Amino acid sequence: MLTQNRKKNTRERHEQARQAESIFKASMKEEGYRCTQERLTVLREIYESDSHLDADEIFVRLKKKNISISRATVYHTLDLLFKFHLVNKIDLGHKHTHYEKSYGVGNHLHIICEQCDRVVEVHSDELNRILDTLCEQNGFSLGSFSLQVFAKCQSEGKKGKCNLKAIAEKH
Ligand SMILES: [Zn+2]
Ligand SMILES: [Zn+2]
Ligand SMILES: [Zn+2]
């Protein structure tokens, strides 16, 4: 059962990436940007990943795959992807911005541990409804959101410090 789910997820992710890529290509063409392989590799890297990457992490991952790209191109591409609504920017409480894919991904909340950086994504219809109401009450209609809440893991280690760092690092 588990294997089946995973296979399905892989297929879905692949399809999601393919669609995001065609939107990216069409948007670049429309706005007069050159559609380069480098730019497409940045998009693919983000859509292959389930984590929240920062620009440097993306740069390092691409370098490890022997893709020749400059840091500046990574930053510039991320700006483009954000402009075309293909990535969300997330503040994990670090000094830099993190990015995640947004095409085909529902609105969600990130609960972030202040001690170990563990991030859990929560999709909640209830939260959607609350935000929808709040927007309406203030004369808006709800668009998309990607929220952050800073918290502390409930499970603590011997020294009173969060002991889930090991789990967090797997993500
Ligand atoms: Zn970071
Ligand atoms: Zn923690
Ligand atoms: Zn997320």
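Which residues in α3 meet which residues in α4? Select Ala55, Ile58 and Phe59 in α3, then Arg71, Val74, Tyr75 and Leu78 in α4: these groups are in contact, meaning that C-beta atoms, placed from the backbone, lie within 7 Å. The residues of this contact divide into six nonpolar, no polar and one charged (Ala, Val, Leu, Ile, Met, Phe, Trp, Tyr, Cys and Pro count as nonpolar, Asp, Glu, Lys and Arg as charged, and the others, Gly among them, as polar).

A word on what you are viewing: this is a predicted model, where local features need pLDDT of at least 70, side-chain atom pairs count only at pLDDT 80 or more, and totals for chains, interfaces and linings use all residues. Residues are numbered from 1 along each chain as its sequence is written, while chains are lettered from A and ligands numbered from 1 in the order in which they are written.

Now colour by element: the protein chain has six helices and six strands (DSSP runs, numbered from the N terminus: H or I of at least four residues for helices, E of at least two for strands). From the N terminus, they run α-α-β-α-α-β-β-β-β-α-β-α.

Next, select serine 102, in the loop between β3 (98-101) and β4 (108-113). Is serine 102 buried or exposed? Serine 102 counts as buried because it has 20 C-beta neighbours inside 10 Å (buried takes 20 or more other C-beta atoms within 10 Å, exposed 12 or fewer, partly exposed in between, with C-beta atoms placed from the backbone). Beyond neighbours within four places in sequence, serine 102 is in contact with His85, Leu86, Val87 and Asn88.

Methods. Contact = placed C-beta atoms within 7 Å.
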